[in-house]
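Here are my notes from going through this one, in the order I'd talk them over with you. Have the viewer open while you read.

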Amino acid sequence: MSSHLKTIEQRLLWLSHWMIHNANHIRPKVDGIKVGGHQASSASMVSIMTALYFQELNPEDRVAVKPHASPIFHAIQYLMGNQTREKMENFRGYGGVQSYPSRTKDIDDVDFSTGSVGLGVAVTSFASIVQDYIQAKSWGRDQKMGRMIALVGDAELDEGNIYEALQEGWKNDLRNCWWIIDYNRQSLDGVVREGLFKRVEQIFDAFGWDVVRVKYGHLQRAAFEEAGGDKLRQWIDDCPNQLYSALTFMGGAVWRERLMDALGDQGDVTALIKRRSDAELAALMENLGGNCVQTMADTFASIDHDRPVCFLAYTVKGWGTPIAGHKDNHGGLMNKTQMGEWQDYMGVPQGQEWDKFATISDPATFEAELAKAPFFAKGPRRYHDDVIEVPLIELSSDREISTQMAFGKILDNLSKGDSDLAARIVTTSPDVTGTTNLGPWVNRRKLFARDHQEDTFKKENIPSTAKWEFTPEGQHIELGIAEMNLFLLLAAAGLSHSVFGKRLLPIGTVYDPFVSRGLDALNYACYQDARFMIVGTPSGVTLSYEGGAHQSIASPLIGMSQDGLAAFEPAFADELAVIMEWSFNHLQKDGESDPDERTWLRDETGGSVYLRLTTNPIEQPGKRADDAFRQGAIDGAYWLRTPGPNCEVVIAYQGAVAPEAIKAAGMIGQGRRDIGVLAVTSADRLNAGWTAAQRARANGNKDAASHIETLLQDLPRNCVLITVIDGHPATLSWLGGVWGHQTISHGVEHFGQTGTIADLYRHFRLDAEALVGSASELSKGRKILHTKDVG
């Protein structure tokens, strides 16, 4: 195969760039807007990716491709028969090859989605940790270990999450992880600072990585062996990045002029330069290590250990094309004239632009060589694992309990048993394990590490509620305080059934306001259809004494708007038990997208789950086992107090404010008829079902009705809805739009502060008094007496 690598590289360079050119200059444009496609960023990666995919990789290896190298990736898959010409021709169009590699939108075996720079890099380190976790378990010891590899744009090193991941990898004794940096020293707005490579090497070395600098290609190394070669090497090393890029763009004649100005009349080195034509001199100077396919193949093959490796591969942005080196080439494209001249240079006949083997003299032999690449030997690598049976989850709650405490009890009950479900749960938390009630689970199921680590406090007989023993069998991965790392670990663990063929059920906990801190990584995890449960707790101003910095406001809206995530906010322990049982099944579903005509939700597709919980213990409603309650808790709402036929006011609440809503309903009943109380467990699922039912009706299904439409359909037209949530009021304010009822929304719109729960509920008008006041003043009927009036 090694003898064919150069041929493969040139085929990939052409196919990727033609795909981009076709999208921008040939395919009809409806809106006249530039399509784009990053020709230069693709070109700088072509040699690296050729060596990697066609000589180094094995089927068990996984790769996160630099977003802007997407065209090279798809060209590889097209060459191997895993991508269609139709989709290549429709690059960046509807239903075509995606701008950046996507597990969910592309058809060609993408390992990790990329797009938001830095995240695809970091997820490979967490995938390696997950691989170690699986391999350490009795049910995963047959797992063949692979390398988790990231192809990294040098500008991605500006992303802070990269360094958070490096530290977490060091703490977890990271192995089997390669990061290959495309060090082309150009980004969207310019050329990177001089000497960055030294800082990069120092950082990686500090975190225990081997650093391999790949600076010179085989032409340069050969030239350095010639008489005067040492002077040429010194000039290359001393040349500023911007000048090197500019000379590359200007070409061989200018290279000669500058080199002769700097090195001429020095005997040997002058002769070295003069021995080469302008074209040969340009090829020599542009033959950096990362643009030399054989150098990259040899470098990869030289690694004989499982320590993490950072390859710093020097490249020319736009290498091998007319726009190589130009500082505007990041978003630039070859024009039609440049492409025509380049097509002649590449030897591609007119009319054969899409032909995989257009420049190949012996296609059969070449195709046979392609088939020898180990990486493609087993075909697509999207694996599956059996669905794990979910046992009945119940909770005999105390008269007063918080949802956070109930969550901890449910997991503790599971930890005591030997169910398959308990064996596949893996928990994680960014240094808030104890304060989010994971402690009992961790005490029983222990923390994960590849090597056993004793609990020193236990060994020294020091009493502690935290019995933290690290073992290979442990089922909790403790993280430092970095929420991005939390969601990236959940992303990696949530893909384990597909990437490694072993199903995990990951559960992460985080203080609810800091969901926002990891939001980019949460969106990234959902975009590639990772499956996990995220528990945001404590939440809202109900976390009273912690003050505004720890009191979440927007998180219910995040839950509603995030695709691939079903968001719940139960008030009672029995609701939580029902929801968690449903959730463990939901995480494993992977069916068709046809909606359930009872709710119009696409539950058969499955997804991840977000639970917003609280530390405030509230009185429980007693044992409930009716189907309407259980199904309603899952579907998003049920009647806690069924409205009468002449209902004048309904209070709809979500979450911890339940006691205030219940209390207010009793008080409002003194002045309004047939009061109803709607317990909302998921505004997200109610809203999703409602909008889906509307689309169904617009498409001709006149009988389509969502769960919330069914719940509210019998309310009189003059009934007033009062909504309340410890979060942004927009979470529930839309309920009035379902059937056109007047709606008064209570919630939190401004930063909180310290105080008691009662203080803050009163301040933000979440208390029963405020709800009664709204019913009294804003609904028809006599004034309702309440405490303020009596006072």
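The points below cover a sheet, some salt bridges, one isoleucine and a pocket.

1. A word on the source before anything else: this is a predicted model. Please read every number below as computed from that model.

2. Let's start with the sheet. What is the strand order in the open sheet of five strands? Going across, you get β18-β20-β19-β21-β22, and the pairing is mixed. From one strand to the next, the twist averages 25°.

3. Inside that sheet, have a look at β19 (residues 649-654) and β20 (residues 676-680). These two strands run parallel and are joined by five bridges. If you want a pair to click on, take Gln654, whose bridge partner in β20 is Val680. As background, strands in a sheet pair through backbone hydrogen bonds, in either a parallel or an antiparallel way.

4. Helix α34 (residues 768-778) lies across β19, β21 (720-725) and β22. Relative to β22, α34 runs at about 155°.

5. On to charges. How many salt bridges does the structure hold? The count is 38. One of them joins Asp61 to Arg147, with the closest N and O atoms 2.8 Å apart. Asp61 sits in the loop between α3 (46-56) and β1 (62-64), while Arg147 is in the loop between α6 (119-135) and β2 (148-153), so this pair ties together parts that are 86 residues apart in sequence. Are the two partners buried or exposed? Asp61 is buried, and Arg147 is buried as well.

6. Asp237 and Lys215 make another salt bridge, at 2.8 Å from N to O. Asp237 belongs to helix α10 (residues 229-238) and Lys215 to the loop between β6 (210-214) and α9 (218-225); the two are 22 residues apart, and the pair links distant parts of the chain. Asp237 has 31% relative accessibility, so it counts as partly exposed. Lys215, at 11%, counts as buried.

7. Then there is Lys372 with Glu369, whose side chains meet in a salt bridge at 2.9 Å, N to O. Lys372 is exposed, because its relative accessible area is 55% and the cut-off for exposed is over 50%. Glu369 counts as buried at 11% relative accessibility. Elsewhere, salt bridges with shared partners join Asp132, Asp173, Arg175, Asp306 and Arg450 into one network.

8. With a relative accessibility of 28%, Ile203 counts as partly exposed. Which residues does Ile203 contact, leaving aside its neighbours within four places in sequence? Those are Tyr163 and Leu166. Leu166 is 37 residues from Ile203 along the chain, and their C-alpha atoms are separated by 9.0 Å.

9. Last, the second largest pocket, with a volume of about 840 Å³. It is lined by 35 residues, and the closest to its centre are Ala283, Glu286, Trp319, Gly320 and Tyr345. Several elements give two or more residues to the lining, including α9, α11 (241-250), α14 (278-285) and α16 (336-346). Which element provides the largest share? That is α1, with six residues.

Conventions. Residues are numbered from 1 along each chain as its sequence is written. This is a predicted model: local features need pLDDT of at least 70, side-chain atom pairs count only at pLDDT 80 or more; totals for chains, interfaces and linings use all residues. Side-chain values use heavy atoms; hydrogens and water are left out. Two strands pair if DSSP finds at least two bridges between them. Helices (H or I, at least four residues) and strands (E, at least two) are DSSP runs, numbered from the N terminus. Axes are lines fitted to C-alpha atoms, for helices over the stretch in contact, and angles run from 0 to 180 degrees between N-to-C directions. Contact means heavy atoms within 4.5 Å. A salt bridge is a side-chain nitrogen of Lys or Arg within 4 Å of a carboxyl oxygen of Asp or Glu. Buried means under 20% relative accessible area, exposed over 50%, partly exposed in between (1.4 Å probe, protein chains only). On a 1 Å grid over the protein atoms alone, a cavity is a set of points where a 1.4 Å probe fits but cannot get out, and a pocket is an open set with protein on both sides within 12 Å along at least five of seven lines; lining residues have an atom within 4 Å of a point. Grid points are joined across faces, edges and corners, and a volume is the space filled by probe spheres set on the points.
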